[in-house]
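Please consult the sequence and the structure alongside the points below.

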Amino acid sequence: MENKVLDIWNHHSNEASSTIVIPDGCRDLIMRKPKNKKPIWYISKLFDSPEKVCIEADDRILGLRLNAGVTINENALLASIDTEDIDEIQSRIDDFTAIDASTMEALACFASNVKSVDAASKKLGVTKRTLQRTLIKNTNRTPLYWIMLSRARRAARELCANAEYAETAYNNHYSDQAHLCREIKRWFNVTPSRLKTSDEISEQINNKAY
């Protein structure tokens, strides 16, 4: 099951709350267990923009974050789960998910700070059309989506570590500081200055994800 489950996380709050979930390139198998009720299992979508998620008081939430690019037989996986045992759940994930080597290689290339789709296709030794077809088939997203997301998350991590705006823009192939600011706003719905002071968002930026 190597490279399928990236992280396991838990959340519990005594009070009703809400949080903003930012795009991270991953999907999670999630169990939400309301107080005195049976657990509800579902698989999160792949976020394209930040979304508000509401949590009821005394909900206990368990999440298994799957690595970017893992394909999921969603109905079969959800139907198979009849336990809260983590080891058994991970075994079910192994049974009902798959990894395509070409997809994982492409995602790794995008995450390596490659400058463009053209540069990525040359580095991978495939045509842009083949790259596009592979990513659409296995992730339902284009190569450009993955490059832009990887770039924005990397830049956001640098900003959270107090890097200078101009330096961060240069390091991550943005044309200038204004371009950087627009992309941070586009992906995370905050300005770079707000990003650096938001514990909620900076924590997600530094979580295990794509």
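A residue is called buried when its relative accessible area is under 20%, exposed when it is over 50%, and partly exposed in between (1.4 Å probe, protein chains only). The model is predicted, so local features need pLDDT of at least 70 and side-chain atom pairs count only at pLDDT 80 or more, whereas totals for chains, interfaces and linings use all residues. Residues are numbered from 1 along each chain as its sequence is written, and side-chain values use heavy atoms, with hydrogens and water left out.

- Four strands form an open sheet in the order S1-S6-S3-S4, with antiparallel pairing (two strands pair if DSSP finds at least two bridges between them).
- Strand S1 (5-12) and strand S4 (40-43) are at the edges; each has a single partner strand, so one side of each lacks a neighbour in the sheet.
- On average, neighbouring strands of this sheet are turned by 15° against each other, direction ignored.
- Seven bridges join S3 (residues 27-33) to S6 (residues 60-66) in the antiparallel sense, and Asp28 stands opposite Arg65 in S6.
- Helix H2 (residues 86-95) lies across S1, S3, S4 and S6, at about 40° to S6.

**Arg151**
- Arg151 belongs to helix H6 (residues 143-160).
- Although buried, Arg151 has no salt bridge (a side-chain nitrogen of Lys or Arg within 4 Å of a carboxyl oxygen of Asp or Glu); Glu183, the nearest side chain of opposite charge, is 6.9 Å away.

**Ile184**
- Ile184, in helix H8 (residues 177-188), is buried, with a relative accessible area of 0%.
- Its C-alpha atom is separated by 8.4 Å from that of Leu195, eleven residues apart along the chain.

Notes. Helix = DSSP H or I, 4+ residues; strand = E, 2+ residues; numbered from the N terminus. Lys, Arg positive; Asp, Glu negative; His and termini not counted. Axes fitted to C-alpha atoms, helices over the stretch in contact; angles between N-to-C directions. Contact = heavy atoms within 4.5 Å.
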